[in-house]
Each structure stands twice: as C-alpha cells, then as structure tokens.
2 protein chains.
Amino acid sequence: MITNKNCIIRLSRYKNALYRLQTLGFVKVFSDNLADAVGGTASQVRKDFSIFGISGNKKGGYQIDSLLEKLNSILGKDQLQKVIVVGAGHIGSALMRYRGFEKEGIKIVAGFDIDPAKINRSSPVPVLPLEEVKAFVKSNGIRIAILAVPDIAAQQAADLICVSGIKGILNFAPLGLKAAEGCIINNVNLEIELENLIYFVNVTEKTK
Amino acid sequence: MITNKNCIIRLSRYKNALYRLQTLGFVKVFSDNLADAVGGTASQVRKDFSIFGISGNKKGGYQIDSLLEKLNSILGKDQLQKVIVVGAGHIGSALMRYRGFEKEGIKIVAGFDIDPAKINRSSPVPVLPLEEVKAFVKSNGIRIAILAVPDIAAQQAADLICVSGIKGILNFAPLGLKAAEGCIINNVNLEIELENLIYFVNVTEKTK
DNA sequence: ATCATTTTGTTCTATTTTTCACAATAACAA
DNA sequence: TTGTTATTGTGAAAAATAGAACAAAATGAT
Ligand SMILES: NC(=O)c1ccc[n+]([C@@H]2O[C@H](COP(=O)([O-])OP(=O)(O)OC[C@H]3O[C@@H](n4cnc5c(N)ncnc54)[C@H](O)[C@@H]3O)[C@@H](O)[C@H]2O)c1
Ligand SMILES: NC(=O)c1ccc[n+]([C@@H]2O[C@H](COP(=O)([O-])OP(=O)(O)OC[C@H]3O[C@@H](n4cnc5c(N)ncnc54)[C@H](O)[C@@H]3O)[C@@H](O)[C@H]2O)c1
C-alpha cells in the first residue's frame, strides 16, 4: 500500500494542472509539461503514474481525458464527497460559506454546534445541534468531518464524531488529537504553518 | 543550512508540548517523554536537537526552561512577529478575529482589501485600502503576509506584496503561485488536504 | 522501408530522512 | 570509593524518497 502522503498530494496537483491544461484546449500532455506545471521532475511524474499503473503512449504522452479519469478515480472523486463541519464559529462558518469545494466534488452538507444560538436549520448549509450528529452521520453515510471547535473541546468532539461513524477528520485545533481506532486525523495547524514560514524567512535572510 | 521542513515543524511541536509539560509543573524532560508527547521516536528528538546544537544532561534529560528558550530563539519567537492579511473576505476576517496567534507571539496588525466596503480603520485589526500596503509594510517592517484573496487575484496580489517588501507569504488560494525572487510562498490548500484525507480513508477502508 | 527522433516505463543510483546501537558520562546507591 | 543504572549524543545502518539514465516502443521523415 502507498503510504507516501507527498505522492498523493502530487496526484492532486497533477489533476489540478490537467484541468487547467484542458481548459486551454490541450488534449494530450507529456510528463515534462506536467512536471513544469507543478514544479517537479518528469521522472517523478512518470514514477508516480507507474506506481498507480497509469500508462501513457511512447512518444505520444498521456491523453488528458483518460488521465484525469484515472486520477479522479484514485483520489475518490468519482463520487460526491459529503462532509460535515463540527463547530460553526469563525473558521467553521467561513468554510461552510465557501463555494470552492464544490468544483472539487466536495460538499459540506451540514454544520453542528453546541451553542443554540448557532443553530439554523434553514441556511444553505444547515447548522444542527451537536446531539444530532450521530444520527445524521449514520443516515447520510458521512465519513469525513472538519473539526473547528475550540481547542479545549477538540478531543472530546473528535471522540464523539469517531463513535458516530466518522472515518477521517480534518482538525483545525492547534493540538495533537488522539485518533480513535479506525479514524484518521489530519491537522491544519496555522500557527505552525506561520512559525515555519517565519523560520525559513529568517534563515534565508541571514544566509544572504 | 537546514532545509528539512518536517524537522522545523517538529521543533514547533516540541515547543508546544514543552509548554504543556511546564504548565503541568514539570521542570525537566527526557527525549522519550517528548517523543510520546508529539508522536515520534526518542532518537529523532535527540537528533533534531543535535542538529541545532541543543544539548541536555546525561541521565538528567533536558531543562524545560532553557530548552524552550533555545527552541524559541531558533523559531524566531524571541520577538513579536507582525503579520498582515491581504484579502479581508471570509477566511481573511476569520483570521483577523482569531486571538490564538497572539499566544504564539504572532500579531495580525492590519488587513488590506480592494473593496472599499471592507475598509475599516477603527476595527481592532484595521482594514486598509490595498494601495496603502507598500507604505505600511515599509514603515512597519512587516515581512510576513497571509494571502486570502480570490484565486484569480492571487498571483497579482502576491507580486504586489513581494515588491512591497514582504519576504514570506502564507497563501490560501488553491493554486501554485510563482514566488518573486527573495520571497517564500507556503501554501495552505484545504481542497488538497481534504482530498488527501479522503484518499487515505478510502484505502484504509478497502484494505480492511 | 529504413533511420532519426521523441517520449515512456523502469531500473539503477543518489540523496534525504529515520532509526538503531552503543560508547560516554552523569547520578545515585551501597 | 566502586559499581549500577539511566540517559544523552552521535556515527553507522536502514529505509524511504527522488532523480538520472537508458532501453524499448512509437512516430514521423526521407
Ligand atoms: N479562527 C481562526 O482563524 C483560526 C485559526 C487557526 C486555528 N483556529 C482553530 O480553529 C478552532 C475554531 O476556531 P474559531 O475561531 O472558529 O472558534 P470559535 O469560537 O469562533 O468557534 C468555535 C465554535 O465551536 C462551538 N463549539 C464549542 N464546543 C463545541 C463542541 N463540543 N461541539 C461542537 N461545537 C462546539 C462553539 O459554539 C463555536 O460556535 C479552534 O481550535 C482554533 O484554535 C482558528
Ligand atoms: N473561505 C474558505 O473557507 C476558503 C477555503 C479554502 C480556500 N479558500 C481560498 O481563500 C481565498 C479567499 O477566500 P474567501 O472565501 O475568503 O473569499 P472572499 O471572496 O470572501 O474574500 C476575498 C477578499 O479579497 C478581496 N480582494 C479581491 N481582490 C483583491 C486584491 N487584488 N487585493 C486585495 N484584496 C482583494 C475581496 O474584496 C474580498 O474581500 C480564495 O483563494 C479561496 O479559494 C477559502
């Protein structure tokens, strides 16, 4: 099994680049076009494809249509991915209002909150009481959740949604959560992203 | 020079874990405590420290105080980092309202937008017209910007703030920007984060 | 039909990152 | 003291990742 996260991220980048090329009217693409488009090497592009059994044509490159089909299937984009947001605060509601996920086949179908003031069943993405999360996840077959609750509540909320049937969590709270058995947690830690950026700005400044 | 991004991210994690341990009353820590706290191995903790010339005491572990001092200095946290947000829309204003950066010594000092309706010079974090960004960056010595403008405007806005003196950009637009000479761009691509999570949820589901 | 050219797919090589292993040594106990 | 134990610091080994190189195949030119 593939465990290389970077490799999967590259597949997403290839996919995005291919849509751009397709929009520009291209029908086929060579490994080095794609490498240029995402900032890698041609061999890596071919290696990545070969890992997933994707093949092109000697001298003819890759047919963009069928390449996209294969990448989309690998990335699970052949079906709409329904996602919930837990915690309808600042970040949570920014995400719920964001239309950009839809073009990626990702649809935020509901938010959940413990604060009664946040509940709104009639907004475009309804915000429901947290108590309903289990039933909702079960009856709608949701597997992915975005967790955007305050730090202090994050572990408890993660446990709850795992028990409710969620299999993957994108966590915004800046702390390491313990994942329940059978649930994957990926973190978006903006504090650390900024710290990282600051570090590299500092070192390039010094060495120059 | 260190080019390993993961290593720097681990330093941030150690730092965060050390604050938690300090709060719990701990004074010293061993490499394997830290490894447990951040989910790594003890040798990696020691190796990471050794890369930066951080040393502890045989049999005595590391003094949390002085370890934190060293990590904070490496991570540039011995001075307040002033950051601007470019694009005061959904994501941009969620970030400007977020108080969590302050405890990390990161302060969002202003937002910038082209939409006159978004301008507000008297809010806690003032939102200023984009035309003022260059003067502001220069006179306040800002080096870091968060870019939260629509995709279509992102490259142009990145170019503008680089010319204005910004050295590091945390970009939220889901596309690869070309960095101007002397400017580092790190991307937070939530579409790709979700795609990645979905991929790994799918494969663990299948292989089980 | 033959040859030159282009581009893939894969093997082989290099680099990077992680882990292992253990000598060195500080702390403590007898 | 002397010995025992715990833990660091690091060099060597292993694993993972990336890159280069090139034979094989397809295309098109002559
Ligand atoms: N806002 C940002 O820009 C930002 C940036 C980086 C990280 N974060 C992190 O994202 C998380 C959310 O931040 P925010 O600014 O949106 O906070 P917020 O306070 O605006 O929103 C949190 C929401 O979660 C709800 N909530 C609390 N406990 C809950 C529970 N157990 N179950 C469900 N809902 C619950 C609250 O009622 C509230 O609506 C925090 O962990 C924060 O550290 C936020
Ligand atoms: N909102 C989300 O949850 C979310 C999630 C993932 C990615 N993103 C990305 O983040 C970016 C911002 O998203 P958003 O939802 O906040 O958009 P938004 O439309 O709410 O806000 C964008 C803001 O940028 C301003 N703007 C436009 N051009 C500008 C320019 N040249 N200079 C300065 N300001 C300018 C607009 O006036 C607006 O206020 C987009 O690239 C989007 O794809 C957003």
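**Salt bridges within and between chains**

Lys103(A) and Glu191(B) form a salt bridge (a side-chain nitrogen of Lys or Arg within 4 Å of a carboxyl oxygen of Asp or Glu), with their closest N and O atoms 3.7 Å apart. This pair crosses between chains, running from the loop between helix H5 (90-97) and strand E4 (106-113) of chain A to helix H8 (residues 190-206) of chain B; helices (H or I, at least four residues) and strands (E, at least two) are DSSP runs, numbered from the N terminus. The model is predicted, so local features need pLDDT of at least 70 and side-chain atom pairs count only at pLDDT 80 or more, while totals for chains, interfaces and linings use all residues. Side-chain values use heavy atoms, leaving out hydrogens and water, residues are numbered from 1 along each chain as its sequence is written, and chains are lettered from A and ligands numbered from 1 in the order in which they are written.

**Accessibility of the inter-chain pair**
- Lys103(A) is exposed at a relative accessible area of 55%, whereas Glu191(B) is buried at 4% (buried means under 20% relative accessible area, exposed over 50%, partly exposed in between, with a 1.4 Å probe and protein chains only).

**Pairs within chain B**
- Glu104(B) forms a salt bridge with Lys77(B), the closest N and O atoms lying 4.0 Å apart, and the pair links distant parts of the chain, 27 residues apart.
- Glu104(B) is buried at 10% relative accessibility, and Lys77(B) is buried at 18%.
- Arg121(B) and Glu132(B) meet in a salt bridge at 2.6 Å, N to O.

**Whole structure**
- Lys15(A), Lys77(A), Glu104(A) and Glu195(B) are linked in a network of salt bridges, and a search over all chains finds 18 salt bridges.
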